[in-house]
Structure formats: C-alpha cells, structure tokens
Amino acid sequence: MKTMKDIKIRKKFRKFFEGLDHRWYSSISLVPDDPSMLFTTAGMVQFKKQFLGEAGAVTRAASIQKCLRTSDIDEVGKTSRHLTFFEMYGNFSFGDYFKKEAIMWAWDFLNKTMKLDPRKLYASVYQDDDEAYAIWKGYLPEERIVKLGEKDNFWKMGDTGPCGPCSEILYDRGPGTGCGKEGCGPGCSCDRYLEVWNLVFTQYDRKASGELEELPKKNIDTGMGLERLNQVIGGSADVFETPTIKPLMEKIQNESENYSLESARIIADHSRAVTFMIADGVSPANEGRGYVLRRLIRRAVREGKKLGWHEPGLYKYTSLVVDIMSEYYPVLADRANHIASVCRMEEEGFLNTLDTAMRILDGYIKELRSAGDTILPAEKAFKLYDTYGMPLEITKNILSEKGIATDEKGYEKFMEERVKSTEWKEADASKSYWDDIRDIKDTEFIGYGSCSAHAVVVKVISSGTGLVLNKTPMYPESGGQVGDRGTIKSKDGIFTVKNTVREEGIIIHEGVLDGRMIEGEDVEVQVEGDVRKATERNHTATHILQSVLREMLGEHVQQNGSLVEPDRLRFDFTHTDALSQEQLREVEVRVNRIIVENHKINTTQMDKDEAREKGALAFFGEKYGEKVRAVTIGGLLGNKVSMELCGGTHLESTGEIGLFKISSESGIAAGVRRIEAVTGDRAVRLMHAKEDTARGIAEMLGVPEDRIPDRIERMKEELRDCRNKINELENRLISRSGEKGELDRELDLGDVKLVIKQFNDTSISNVRVWVDSSLKQGSYEGDKGVAVLAVSISGEKISLVLKIPEYITDRADAGKVMKEAAGEIGGSGGGRKDMAQGGGTEKSRIGKAVEVIERFLRP
C-alpha cells in the first residue's frame, strides 16, 4: 500500500535539513542502547551523549525517529491526538546554531516547503524568554505569540543538569474544534490549538541550589510529530485520519459487529506499537519491555471483544501496518510473519486465561454470597487483572449486575506496587571511560588481517586498568562477538588484556599492568591467537547456521541476538515451533556439508543500500552507517552460502571450522528459539562425551551399544507388567475394603441415585477402573439409575471422577458439570457427556463441588 503523501513529506524534511548542512541519521531501534531507558521516547535519545558534550564532531543532525510512550496510554482512544507509537521529525544542534536559526528554519519549512497557512500558526514561548519572543515578532503579530509558564514551556532532563526554555508552534484548527470556553487559546487542553513543533533551547545547567548557569555550548533539540504534521497538512479531523493510520481505522470499521470509535482508535494505535516493538526484538513477558508489549496486546484484544471479535484478530492488523510502513521501514517486511505469529500466540494465550478468569470470578461471587458479603476484596480483583489480564472495568461491570462492589482503593494500592516492581530500573550500566578519553582521536582497528602490531600508547587509564593505543589488532566486543584477549608489551611493562571494548570510536584494552607504561611510548601488541581463532570458528559457523535455518524453515527466520565466544556460540532466531530431533540433525548435516565444501570467505566495504539490494542480512540490534562491511561465504562460482552485514572477525574458509555440533535448542520467548552449538575441538569433545555416556549405559545394561534401545524397550515392558500387577492388587484391596471414607454416602436425587466414594492416596487410573467396574458389576442396585462420584485425595491434590446414566445427559452433561465443580476447588475439568474427570487443590471446598454436582443431577 502506497502512502505517497506521507513519503513525500519525509523526503522534503530530509532534503530541507540536509540542504542546511545537517547530517542525516536513520531511526534507531525502539529498544535504545541505554540501560536507563525502557524505550526510545524522542528523537534526541540517540544524541544523548552529544547533548551532554561527550561525543562526536557532528554539530548538526536531523532524523525521523520512531518513538514509544505509554505515559498517556489511558488517554489513547478517548482523544483525537494521543498515541503510544508515533514518529518524530527532529533537527538538532550541538553547540552550533541557536534560537534565531531554529525558529527561522522551522518557520520556513512549515510555510515555504509545506505551504501551511501562516494565518493559522501561533507560537508559545517561556514567560521569561524575551529573546525567543523578539525573534518570533519577526514572523508573527504579537497577538499570536503567547507567553506560558514553566509547566508548558520549559524543558529539563531532571531536577539538576541541562535544561532550558522551549517554544511551541501551534496550528489553529478553528473554533468548531475547541472547547468553546471564554479565554480558550494556546495552552488550553482542548484540541483547537494543536502543537505541531516543539523547539527546545538547552542553554542552562541547573545546579542543586536551583540556580541556572549558562552553558558554554548551547544546544537545539526539536521534535515535530509526523502524524500531527500529516493531520494539519491534510486537514484531517484527527491523527487517526492521516495516511499511516486511516487504513487501519477503515479495516476495523468494516470488520466490526459493534463499531466503537474509541475501541477502533485503541486497536489502530496499539497494532502499530505492537508491530514495531516485535520487529525490534521485544517479546511478551511479565516484566520490563515485554510486560508493556503484553499489556498493549491484551488491551487491544479486550477492545476487539467489544467490537465483536470471537477469536484472535490483532495479528491481522499488524500485517496491514507492515503494508503501510514497510516502504520507509523495510525491516518490517522482513519480519512480517514473525510479528504476526508472536502477536497471535499472545492473543490465543490471553483469550484462554480470560476464560479462566471468568470462571474464577464466578467462584468469588459464590463465596461472597455464601458469606453474605457485598464487596470483592482488592487482592482478588488485582489477581484477576495481574494474573489473568481481566481489567477492573470488566470485573466491576460483572459484579455490579450481581449487586456486588469492588474495593477500588485497595486495588489501586496493589496497582501502585505492581508499577513499582515492573518499572524500568537503571541496570548496571557498562563502565564508561568518557572522562578519560573525551579528547582522544578514534582508534584505528587493524585486526582483520593481523593479530600483532607496533603501536603507541595514547592513554593510561585508572592506574593501569585500561590502555588506549593509536591503533590495535584487538577486536572490541561488538555484534555479539566477545572482545579479544592478549598482551601489550613496552620496555618496562607488560599489560595483560582481559577484554577489549569500544566507546565512541575509541578502543579500550581492559586488564592488568605489571610494571610501567608511559603515554607516547612504543609498544608491541599481540592478540591471543588460539582464542581469536576459536572465536572466529564460532562466528563464521553462526553465519552458516542462519543461512541453513532460513533455507530449511523459511525466510521468516531472522537473527534475534547472538553470542560468539571461544568456547561456544549462541544464536537466537525468530521461529514459533520447537525444532524436532530430525530437523536438528538435518541442520547439523547441512552446516557440516558447507564446512567440508571449504567455501572462501570474503569481506567487502559497500554502501548500505547496495548491500541490502544484494540480499545482505543485518544483525538484530546493530547500528550501521552509510558504509557497511559485508561478509560473504562462497559465491565465487555462483554458489553463495551467506551474505551478512558484520563488523566481526572471520576465518578465511569454512573448512577451518572443522566440525559443528548442536548442544541444545530451546524457546526463550514467544516466537523466539535459541540454538547453542560448539565447533572445532569443542565439538569433538562433545561427541566424545556422548560416546562415553552411551558406553556407560551399555555397560550398566550389560549389552553392546547398538542393543541399548532393544534392552530399554524390554525393560519398559517389564515395568508395565509390574505396574499392571500393582494396579490389579490395589483394585482388589479397594473392592474388598470396608473402610468408609468421610465423604461416603448415597443421595436420592429424584430419578437418579448419586453414590459418593472417597479414596485416599489412590492413583486416579485405579479410581477410574473402580468407577467403571462398580457399575458394570451391579454393586449398586435398585429401581433408579445410579451416578457415581469418586473423590480421590492425595496430599494437597484432589481428583474427581463422575459417571452418570445416559438417560439424564440431556439435562446434565458430565463434562460441563465437572468443569464447574472442579472450578469450586480451584481447578479445572471436563470430559464426555456421561463421564468426566477434574481436579483441584482446595480441600476445604470439596463440599461446594459436591453441591454443584447435586444441583445439576436433580430433575
């Protein structure tokens, strides 16, 4: 689906600011490379270090950044402007231009490039920012320049640190779109004056005392919502009528039984957010980013049920999002099947838990009525939400119909605690060396063709715990590949490198110094060759593995994270189903065949777009510049095995891998599988370990190794015979036992007699045998038909078996009866119309379960 108007606006924005010497930056992932942030919330996130004066020679930048914010999630759907997922146009200055240029260029872009009506534009400025006010007077009459307070027009990063006034450009949508109240104007919370562009002038450093100190280098950070710009350009009533969202709204309306504008808005917005989150590697979970994704999917599903959805449906809208947005974000098309699959799996799981929640709520209602209470305790309402996803609104609606209220204040306290327990806490951020290296030039990496080099010490860090050289052959940890180890020797010292890392283009060698090293002196650098070679075996094998998986399972397979160490490799990939043993064996066969074929490995520098056109795969979570390094396996004779964008080190040919062996395969998240494997000597050792295990088993069984399966089959048959004999003996004991259980009784229920028998510490299979045999042997006789309920209690576990006469199944379906009865004891159950089984753990409520069965069986 083409959205040319939208694409043209994107191109015009880029062209405009590139023409003003701004370097263009592609959008970073919604998952930022910053442990203190949950999601990317603004265009400035990828320039955080530049704003802090910590990095780079770039002074002007521009981007269109995909963003996610959930702070106003409860407003989405209720208003015409709130979104969780949105895109942000932005231009940035790091100590270069300031207010005059920022205001001038924003005005020129909106009026000269986008042709907005200047008569509908307003500007707001911070109440004390006379400089910005004076600049705006050159473009707008004073009656359309509004001074507002700190709440609306002053930006700050925190209680202390960089901050400054801001100026918003607003678009007047006309009197018919506002609140109509006297005094309505810019700053009013209604929808008439729509904020289009926010210009932040970062000029102060707020001290702990509250004093504002002028920054030596002032910055510009602007943000303009792409959807809002589309809205004012197209004259749309709201953001949901703009090119990137309107097709979703139309599809929802056409497919709804009970259309609701609010529900449609929520589904449209959340389908966009879910699509981009999954594409960027987020999977549903119970904490952190995964919890946000799960919450969005569940919220959309609940709204879908209001519209008449009877089965999973959100995943279908993710496919439409891909159609709309993939022209600008090609990765969506690459991951379309994975996105839909993960979404559908989560929807199905949620619908199942929602059904369970309804049954549990029914049990709570019965408990309250029995006790004569009219208020559902807060902890139970919260459990329905937190464990089963049932929102308080649904719980309240159901209870109100029964004349029962909810402890909402208590519920809110539980919710506050839940938020505290799942909010993003700053992780142990990786060590930063910026204070030591801020004035150092980038390190030249020369390790692709060599493991040794002559270099010069540029910086000795923290009393010899780190070294920076002018150049190094040691690979810094990146792209899943661990950092190199080795030694750096000078005339008077040896530095043992334990790890190598990179920060803003500068490579730091971490380790221990024995002796002395001086900045400016010559050193000899030596990578630990065996470790590097082992790492390269695993890295090249990882590329081959991905190629084989895509060939076998389909092109939906995408790398979703990796770890390449000397001892092993770990590869995470998008796929919903576990691989069978036959599939894993075939993967090994194909990978090892490529190893034996000894394909050459070539690396080439090329433009990112050219690499993509040639089919190069990109690694999840990596950032790429305009120039990229493509690693190609094979291809000299047309038999290309793999081509990936990769900055890591590799072998010269696949034959050097030696042997590839999978050690494990598992699921790590919805729609994400993990393979761990070893290569070379490690693979040989793993094979030897498996051989030793087989040999040991053979010795224990007293048979040759090739006869192990036959011997185990015979042992299983012998074990089955023993179990059958034990069951037979147990059944004889049961049938002859005169012991009367606490629950044993016979009940006259009209046209049927219910016989209840209690068993203690008896297997459920034997209980079922007893139920069948007791009826067949006529243990219970008389004029009436007999229904039998067996109750087996073993520790905390309760098992129920119910068999009823066929002539009453029209009014009492045993499967349905058991489902409700088992729910009373905190479990579940089901079965055929005449016989069913269930279980639970709440022994104190067995009597309630029996009452349910009695109620159903009575005529």
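**Close-up 1. Helix 6 and the glycine that comes after it.** In this predicted model, helix 6 is followed by Gly235, which has a positive phi, near 65°. The helix itself covers residues 226–234, and its buried residues include Leu226, Glu227 and Leu229. Asn230, Gln231 and Val232 are buried there too.

**Close-up 2. Helix 12, end to end.** Just past the helix sits Gly372, with a positive phi of about 75°.

**Close-up 3. Strand 3 and its two partners.** Strand 3 runs over residues 85–94, and ten of its ten residues are buried. Both faces are covered: Phe85, Glu87, Tyr89, Asn91 and Ser93 line up on one side, while Phe86, Met88, Gly90, Phe92 and Phe94 sit on the other. Strand 2 (residues 60–68) pairs with strand 3 in the antiparallel sense, over nine bridges. To find that pairing, look for Ser63, which stands opposite Gly90. Strand 9 (residues 212–225) also pairs with strand 3, again antiparallel, this time over five bridges. The pair to look for here is Met88 and Gly225, which stand opposite each other.

Close-up 4. Strand 23 (residues 627–633) and strand 24 are joined by four bridges and run antiparallel. Ala630 has Leu645 in strand 24 as its bridge partner.

**Close-up 5. Cysteines without a disulfide.** How many disulfides does the count come to? The tally is zero, using a cut-off of 2.5 Å between cysteine sulfur atoms. Take Cys67: its sulfur lies 17 Å from the closest cysteine sulfur, in Cys166, and that is too far for a bond. Cys67 counts as buried because its relative accessibility is 0%. For Cys188, the closest cysteine sulfur belongs to Cys190 at 3.6 Å, which is also too far for a bond. Cys188 is partly exposed, with a relative accessible area of 27%.

Note on methods. Residues are numbered from 1 along each chain as its sequence is written. This is a predicted model: local features need pLDDT of at least 70, side-chain atom pairs count only at pLDDT 80 or more; totals for chains, interfaces and linings use all residues. Side-chain values use heavy atoms; hydrogens and water are left out. Buried means under 20% relative accessible area, exposed over 50%, partly exposed in between (1.4 Å probe, protein chains only). Helices (H or I, at least four residues) and strands (E, at least two) are DSSP runs, numbered from the N terminus. Two strands pair if DSSP finds at least two bridges between them.
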